[in-house]
Amino acid sequence: MSAAVGDAEQPAVRRPSGVTVRFDDAEPLTVVLVRHGVTEMTVAGAFSGSGEPGPSLTAAGRVQAAQAADLVHRIGRTAWTDLPRASAVVASPIVRTQETAAAVGRRLGVPVRTDARFAEIHFGDYEGLRFPEVEEREPGWLRRFYQGGDVAAPGGESLAGVGERVWDGLRALRDEGTGRTVAVVTHAMAVRAAVGRAFGSPPAQWTKIRITPASVTILRLWPDDETEVTVVGCPPDL
């Protein structure tokens with residue numbers, strides 16, 4: 001860099017190499033998005049949205065929740081050491097996320113707060129159905145849903161709608177205070193929507209993001225609406 005460039009034009013040098021370039025010292029909110037562990041519906045490949053409170057985690061899902069909790073605890077310690085350590089946990093009201101969040105909260109030693117804005121997409125009349133059953137009921141709907149973004153099941157939600165409410169929840173957390181890390185235990189579509197909004201990509205692109213059970217995704221949100229996608233879909237047993 002040329003010596004003629006003034007200090008005001010230089011990014012803060014204390015930020016590690018490779019992170020989002022900033023020309024000020026503004027601190028972001030760091031959000032650790034944790035997908036819940038597996039349930040029987042996850043294994044069956046059925047639509048499991050916010051239309052039903054259950055099901056609970058399976059035994060394997062509880063192991064995954066514990067692994068995810070350990071990974072969240074390592075943030076700022078032995079993993080992603082430039083980030084603040086997680087100091088709060090927020091969760092979707094659905095049973096499987098509450099169970100996963102309880103493991104994270106115990107590991108961090110903090111209570112869990114519930115926020116319905118982080119619930120899974122509502123699949124309406126298709127709640128509990130497997131892909132072949134949905135295709136038989138409404139041929140072509142699955143393709144339109146996954147490749148469109150503004151398509152909803154009867155009585156349900158679109159991806160674009162999920163993106164609006166999830167982003168509203170993230171901004172609310174940011175407005176409560178930056179310079180900290182909050183773990184948000186949520187669902188696959190909600191995480192995809194959050195990453196998609198952070199990238200500024202259209203909803204039709206969001207389902208291309210791979211978010212496996214109990215995986216960890218990290219976003220950073222600044223007060224001026226700048227964002228960084230730090231980690232996407234990191235497995236819990238890293």
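Guide: Buried means under 20% relative accessible area, exposed over 50%, and partly exposed in between, with a 1.4 Å probe and protein chains only. This is a predicted model, in which local features need pLDDT of at least 70, side-chain atom pairs count only at pLDDT 80 or more, and totals for chains, interfaces and linings use all residues. Residues are numbered from 1 along each chain as its sequence is written, and side-chain values use heavy atoms, with hydrogens and water left out.

Visitor: Are Phe-47 and Trp-141 buried or exposed?
Guide: By the cut-off of under 20% relative accessible area, Phe-47 and Trp-141 share one class. Both residues are buried.

Visitor: How many aromatic pairs does a search of the whole structure find?
Guide: Rings of Phe, Tyr and Trp (its six-membered ring) pair if their centres lie within 6.5 Å, planes under 30 degrees apart counting as stacked, over 60 as edge-to-face and the rest as tilted. Searching the whole structure on that basis gives 8 aromatic pairs.

Visitor: Which kind of aromatic pair do Phe-47 and Trp-141 form?
Guide: Their rings lie 6.1 Å apart, centre to centre, with 90° between the planes. Because planes over 60 degrees apart count as edge-to-face, the pair of Phe-47 and Trp-141 is edge-to-face.

Visitor: Which residues touch the most other members of the largest nonpolar core?
Guide: A nonpolar core is a set of buried Ala, Val, Leu, Ile, Met, Phe, Trp, Tyr and Cys residues joined through side-chain atoms within 4.5 Å. Of the 37 residues in the largest one, those touching the most other members are Phe-47, Trp-141, Phe-145, Leu-170, Val-184 and Leu-219.

Visitor: Which residues does a second, separate core include?
Guide: This core has 25 residues. Among them are Leu-83, Val-104, Val-110 and Val-185.
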